[in-house]
Structure formats: C-alpha cells, structure tokens
Amino acid sequence: MGCKMNAAVSIWRRLSLFVLVSSLCSCPCRAEDSAMENIVTEKKAEESHRQDSADLLVFILLLTLTILTIWLFKHRRFRFLHETGLAMIYGLLVGVVLRYAIHVPSDMNNVTLSCNVNASPATLLVNVSGKFYEYTLKGEISANDVDDIQDNEMLRKVTFDPEVFFNILLPPIIFHAGYSLKQRHFFRNLGSILAYAFVGTVVSCFIIGLFMYGCVMLMKQIGHMGGDFFFTDCLFFGAIVSATDPVTVLAIFNELQVDADLYALLFGESVLNDAVAVVLSSSIVAYQPEGDNTHTFEAMAMLKSFGIFLGVFSGSFALGVATGVVTALISFNFTKLRDFPLLETALFFLMSWSTFLLAEACGFTGVVAVLFCGMTQAHYTFNNLSPESQDRTKQLFELLNFLAENFIFSYMGLTLFTFHNHVFNPIFIVGAFLAVFLGRAVNIYPLSFLLNLGRRNKISSNFQHMMMFAGLRGAMTFALSIRDTATYARQMMFSTTLLVVFFTVWICGGGTTQMLGLFNIGPDGVERRSTKHESAWFFRIWYNFDHNYLKPILTHSGPPLNATLPACCGPLARCLTSPQAYENEEQLKDSDSDLILNDGDITLSYGDVTVSTDAAGAHTSGTPVGGVAVNSDEALDRELAFGDHELVIRGTRLVLPMDDSEPPLPLDSHRHRHKNETMS
C-alpha cells in the first residue's frame, strides 16, 4: 500500500501537482440547490471584483496624495524629504490602517479540512457532490492565523505578485535611465563609472557577504537562528544590497545644478551597478557544487558561476543593443512611420518593452538588456524620430518612470505591515547596517585612490565623501529581495532590506543638502576639463567608427557612406545611406562631438587665438591680436573646458556647446577686451 501511495504522489508531482480531493458528502443534488449555488458564486465574484477595485483605488489615492504633497514641497522649496521618501511614509500609514484598523467579519461558510499530502500542490481540484472546484495555492499561514483567515485574505489582496515588479514596473524605470543618460559626461567618466559599477559592486558584495556570515555564525552560537542560513545566502544578500539607487540625491543635484562630473559618476554607477547586482545575484543562486552538500566551497562550481555571470551579462548586453539597432534600422530608418507620429511612438514603446521580456524569456537578464537598449535608442533611434515622437517618447517614459518609482516606494511602506512572514533579528539588522556602510566605503575610497592615479581631473576627497553618503538603496534592492521569500533566510533578508531602504532614503536622502554644504560642494561645481589625452583610446577608435559608418546607416546624421567607404563600395554606400543624410551633410548631428579629439591635424580657434595639434599630439598656438601670449597646453584645455568655440577637423567645422552651469574664465573676458580694443 505504501508503494502505491508513493507512486501516486510521484504522478501528482509530474502532472503539475494537481490533486483530486473527493468530498465525503453524499447529499442528493437538486436543481434548486444548483441554482442557489450559482447565485452565491456570482455574488462572491462580484464582491471580489469590488474588493480588487478598492485595493487598486488605494494605490491610486496614494500616488495622488504623493503628487499633491510633492507640489507643496516644491512650492515651499523643501528639500529635507524627497518624493520617494514621502511615498514610503504614506504607504506605511495605509499599511498600519489595513493591518490594525480594518477587520473583515468571519465567513461562517469557510470550512477547514485536513488532508495529509507530502507536498504543497499549486492547484487543488475539489470534488463536492460531483462538481469540481479549483483552488490555487496562495502561501503558508501559521497556525495562529487560521482564525483570522478573512483579515489575511484582505491583506493578500494588496500584496502583488513579485513578477509584477520585474515585468511591469522595473522596465520603464531602467529604460528611462538609459534613454535619458547624458552621454557627454557619462563617456567622459566612463572608465571610473565602469570601475565603480563592476569592480566596486563585486567587492562590496563579498565584503557584505563575509561580514554577514560572521553575524550569522554569532547568531547560531547564541541560539538566535530559527532556520538555515548559509554562506551563499549571505553573498546573495550582499549582491542585492549592493545595488544603489540615489534617486533622492540626484534629484537634489539636478535642482541645485551640482557639478556635472559628480552627477555623472553617481548616476552612471547606479545605472550600471543595478544591472551588475541582478546578474551577480542570479550567478550566486546558480552556484551548485557536486555532491550532497550544496553549500560547500568548490572551485569548479565557483568558476561555473563566474562563467554564468559573464555569459548572462554579455548576452543581455548584446540582445539589448541588437534590439535597439534593429529598431533604428528597420522600424524607422527605411520606413515612413515618421509621417504617423502616433504609430511611430507606439512601435518605439513596444519594441523597447519587448526587449526586457525577450531577454527574460531567453534566460538572460531583462534589466541589462533594456538598459543598453535605452542607451542605443537614445544614440541612434531618437535621431530618426519625428519631432512629435521625440517629445512624446521623452515624456512618456519620464511619466512611466515617475509613476512606477513612486508606486514601488509606496508599496515598500505598505509591505512593512501587510507582509505576513517578516523575520526581524536585531543582530542581523545591526550587522546589515554596518556591512552596508563598510561595503560602500571599500567600494569608494580605495577605487577612487587608484582611479586618481590615472585621472587628470581628480575625484576630490569631498566628492568621495559625497559618493559614500549617497549610496542609497531603493527599487532594485527591494525588487530583488521580494522576488523570493519562501525560506527563512530569504524572509529575514527581505525584512532587513526594507529597513535599510527606509533608513538610506529618509536619513541619507534627507540630509543631502546639508552634506553638500558640509563638503563645500556648491552649485557652480568644480572646473572640468576634457582633452584628447583624457579620452580613452578605445573610445576614440569607437567614436571614429561610429561616426563614419554606424551613424550614416542607422540615422540621418554623419557623413554619407560614399565619403567614408572606398570608391568600389559606391553602390552599397548609396543604398545604405538615407536621403536625409545627404541633405544634412553640412550639418553634423553628433552629441558626442565634444568628447573626442581625433588624432590628426586639429585646429582650434577661439576669438583671436588659434591652437593646433598634429598627428603626434604636439600643440602650437598663435598669438592674439591684442598681444596676450597664451601657453598652447593651457589654451587647449581652457577652450575644451569652457566657452563656445569652433573646432576644425579635416575640413569639418564643429560648434561645441557650452554647459550653462560652467562659469566663464577670467582669461576669456581679457581676450574679448583686447579684441574689442583692436577693432575700435
């Protein structure tokens, strides 16, 4: 008999855990009873619909209240609390009301039956007097909550499936980060950003993981551990809390027009380290040593996880870029969709969102894919859109980002009281706060020291302190932690993560203005210089290839291909170059032109001063009419850093823009004064 039962359980598991439970009731089924049951079922369905509508209305009202309060804060110029922190407070208040102030009367029709099975079936088919009813698994409840099943059901109604965050709320946030990226400052600090995002995040993950493993060992020694907690769990916690989201700090930076390089370092790091944290956490989960003990150290298993990390990241990167290129090449460059802005915007939106889902369906990471898709779309596709679609796509994704981000932070506050399986351990919580700040410090200070060895524009100590303080945790950390709360370890991680996010958003985010004053980081920023020698050789090569070949194919910008390809490729060049490219041949539409100085003959003219460089990089400088001699290196750096100036490269005249936040140099006014005296 035992063998038959085991065989039956095995069959049930193979058939998606469908279990048939037959009722012992043998009451006769009559037409009147059947009609009454149908009425009751319809009534319950209507009540459920109303409850769902009320639950969604709660979140809509939360967002509405947040928006109105944001307007008040902006009107009064309050900077001590950002909109995300405000959304969390409102979520907390609603969570308290739902948890303790609202009670649903018990339903006398609810019946608790016992059925001994060896697994938790995902779906139950219950046979009641010949009628089959389907029940789905919603989760485990403790024995103490059996009598409060109605209240628990109400709280579950306002608890969303974690996949909702990954498939619906996260894509517009991540895409908007890539689509709104300021490429000039991002690429000017690309090496430092990559160091912080990749090396720093991995180092932070292991520092936090090792520190938390020590805390776990201490908890086991004193008997404060209620379940299994392995070293891989500690590393997973280190990966998810290493994802920074300084949205509060960046909003204040933007409002105060703080140094653009500091903004680029923080924003670029947060964008890329979200992607690194996602792939790193999935690689840690994939760590599976051979043998019975799956939590021992094994070199081959670690190398396999490292290979998974590289494979998933590179695959997601390639998929995101490919989707962006395909969108620019097929959907916009060789069609007349720009004549129909509504269709153009709709296709752009769907292609961008499908990148995330395609990556997830292929086993890659949608966060990485949609991030680089957004960057590719901004670099290529945006130039092909009609003016109406350019405005629409910017506003659309900005709106979706705003709503999704505030929704997530509101939901964070709500889940502190509506989530049933919280595990709060004081030792783990205190250890987590110490580990987070220690991991951030090890990320920022040693890497900044090493980076300054090769940077001409040094990352000052005040900037480093501000970057250390601005390591807030936010939407990505929350989404990674709530995705799996099935085990004791994951439940403790989720509860602790909520507290870490609350603290960093409220305390660190709220103190940003004060810290800027303490570190003497004013709104005028620090003098920034960008020269040929500061541009990475790889990026210079990429820029030339992109400008001469990719831009003419994928956009209407850049020189026609028949001007860059050999003469034998003339027919192919004419086929691949759009007609608009010929029309715009004299107008260079290149947002990166102020980043790179190409090797070769370069002439820089500003006022009465001419600075030239040859292929070897040597500089020569002319003397202004007014008689003011200027050192060539100093002149070149000054002209690249400040002011409107013209750059002549191989016969192409470029007008390089000036940032509004950059003050004029005293030397500039001196030159203009001599120029005016000479003209008069």
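Okay, quick one to start: which residue forms a salt bridge with Asp484? That's Arg490, with the closest N and O atoms 3.0 Å apart. By salt bridge I mean a side-chain nitrogen of Lys or Arg within 4 Å of a carboxyl oxygen of Asp or Glu.

Before I go on, this is a predicted model, where local features need pLDDT of at least 70, side-chain atom pairs count only at pLDDT 80 or more, and totals for chains, interfaces and linings use all residues. Residues are numbered from 1 along each chain as its sequence is written, and side-chain values use heavy atoms, with hydrogens and water left out.

Back to our pair. Arg490 is buried at 13% relative accessible area, while Asp484 is partly exposed at 32%. Buried here is under 20% relative accessible area, exposed is over 50%, and partly exposed is in between, using a 1.4 Å probe and protein chains only.

Searching the whole structure turns up six salt bridges. Take Arg440 and Glu269, which meet at 2.6 Å, N to O. Arg440 sits in helix H15 (residues 426–452) and Glu269 in helix H10 (residues 260–285), so this pair ties together parts 171 residues apart in sequence. Helices are DSSP runs of H or I, at least four residues, numbered from the N terminus. Both Arg440 and Glu269 are buried.

Now look at helix H2. Arg50 bridges to Glu46, with the closest N and O atoms 2.8 Å apart. They're four residues apart in helix H2, so about one helical turn separates them. Arg50 is exposed at 55%; Glu46 is partly exposed at 41%.

And there's a network, too: salt bridges link Glu163, Glu360 and Arg483.

How values were computed: Helices (H or I, at least four residues) and strands (E, at least two) are DSSP runs, numbered from the N terminus.
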